Amino acid sequence: MPVAVVVGMQWGDEGKGKVVDLFSREADVVARYSGGNNAGHTIYQDGKPYVLHLIPSGIFHPDKLCVIGNGVVVDPSALAEEIAMLEKAGVSLENRLSLSDRANIIMPYHCLSDRGRESSSQFKKIGTTGRGIGPTYADKMARAGIRTADFVDTDRLREKFLANYEEKKKVLKHLYGHEIPEFSQLFDDLLGYREILLKYMGDSHAVMKRQIAENKNVLCEGAQGVMLDVDHGTYPYVTSSNSTAGGACTGLGIPPTKIDRVAGVIKAYTTRVGEGPFPTELLDADGEQLRKDGHEFGSTTGRPRRCGWFDAVVARYAIELNGIDAIALTKIDVLDNFDVVKVCTGYRHNGKIIEEMPPSLDVLENCEPVYKEFKGWREKTSGVEDFQKLPDNAKRYIDGLREILGVGFLMISTGPQAQETICLEKLF
Ligand code: IMP
């Protein structure tokens, strides 16, 4: 099965970094298809944590080709910083990184606009990462975006940048009272990234086509999660791209008929960052314990994550939307210190039980979770590498999830390090 897509099944932060890093050992190509440096994938190398925001998690394996697809929005300063971090760690990127010539570039005015809108009383606060993601995708759809290939001809780049600059300057001043830095300063800064962008620039569709034709194992790495998808998530409390598996086709230029399997990554409980409905959120000591034991603080912004019990309505929705045929379950060890562990199997709303994701935000905001309870295990699962060695109640919890979801597990993660994993099935 040479082409696999890996998606997050909740609101992001499911532990995709570690899972993709493990799957990429069997892959030849690892490709990112959506989002930007709003994502943060933590990977442990020789016991040391590295956070990747843009470059695919396969980069730590020397023989893998890493692709940043056209569906990704790229902040050149973040890319340069990440490349420098990897080079310092001794990772060679030469002939291993390909950045799509069609990827839209995040400009400083996008970040100003993101933060301006978030702090304005005129608009609903989304709780964005402030990385300029939404405004960059908005410009892409408005056909005003600047793409990697625009850096080839600096006169054309200047023209496009100037047109955008003049517009954004007025909007930012008028709406948010923000002064934007001088044109020449911003343009000179931008040109400073030209060399690095052009050095890695490639045609992601052509690269993917070649790799697929050669029957290589291709792993398409999703960012964020299903519930943050701009079409299918808890809109407007979502990110601005398609994080679901379909985004891999448009975001990399690969045909849907070439995708062989879709794997989901899901945490043994639920978290979300930013605003928006979250039916199983725990605002009590249990929520605090999940946050503390799970180190639930954003790897991009450092914000404390909202925590709650596992939500099977969300998980089933993710399975349906993406065609998920196997799951990587993460952070089971974070549940080690509870007497009772709960799974939400449906939502109660106006006296009725709903088992499917309601399209209305109002229903989601005002429903009450219906829980199935499992006995806790109060034993250490961290570091366990063999399913049989798990405490009986942990096995019952995992088997219970499998039954509720109707999909089996590829792996169960019992800690942040690569070896802290129960491997059950191969991805490719
Ligand atoms: P944006 O993507 O920065 O525009 O943020 C929109 C929403 O998506 C906010 O609620 C963010 O907290 C959330 N978000 C974006 N990227 C991630 C991620 O990688 N993990 C978790 N939440 C994210």
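Select residues 41-45 and 48-52: these are strands β3 and β4, which run antiparallel and are joined by five bridges. Strands here are DSSP runs (E, at least two residues) and helices are DSSP runs (H or I, at least four residues), both numbered from the N terminus; two strands pair if DSSP finds at least two bridges between them. Within this pair, H41 stands opposite L52 of β4. The hairpin of β3 and β4 has two residues between the strands, and D46 there takes a positive phi near 50°.

This is a predicted model, in which local features need pLDDT of at least 70 and side-chain atom pairs count only at pLDDT 80 or more, while totals for chains, interfaces and linings use all residues. Residues are numbered from 1 along each chain as its sequence is written, and side-chain values use heavy atoms, with hydrogens and water left out.

Next, show the open sheet of ten strands, which has mixed pairing and the order β9-β7-β5-β2-β10-β1-β11-β15-β19-β20. Its edge strands, β9 (201-202) and β20 (421-423), each pair on one side only. Select 65-68 and 97-100 to see β5 and β7, which run parallel and are joined by three bridges. Here I68 stands opposite L99 in β7.

Two loops come next. Between β10 and α9 (246-252), find P236; a cis peptide bond joins Y235 to P236, with omega about 5°. Between α4 (133-141) and α5 (154-176), find R143. R143 is not a glycine, yet has a positive phi of about 60°.

Finish at the ligand. Which residues come nearest to the ligand? Of the 15 residues around it, they are D13, N38, T129, T239 and R303; a residue is near if one of its heavy atoms lies within 4 Å. A polar contact is a pair of N or O atoms within 3.5 Å. A polar side-chain atom of D13 lies 3.1 Å from a ligand nitrogen atom. For T239, a polar side-chain atom is 2.6 Å from a ligand oxygen atom. The protein buries 96% of the 470 Å² that the ligand exposes when taken alone, by the Shrake-Rupley method with a 1.4 Å probe.

Key
Polar contact = N/O pair within 3.5 Å; in protein donor to acceptor, adjacent residues only side chain to side chain.
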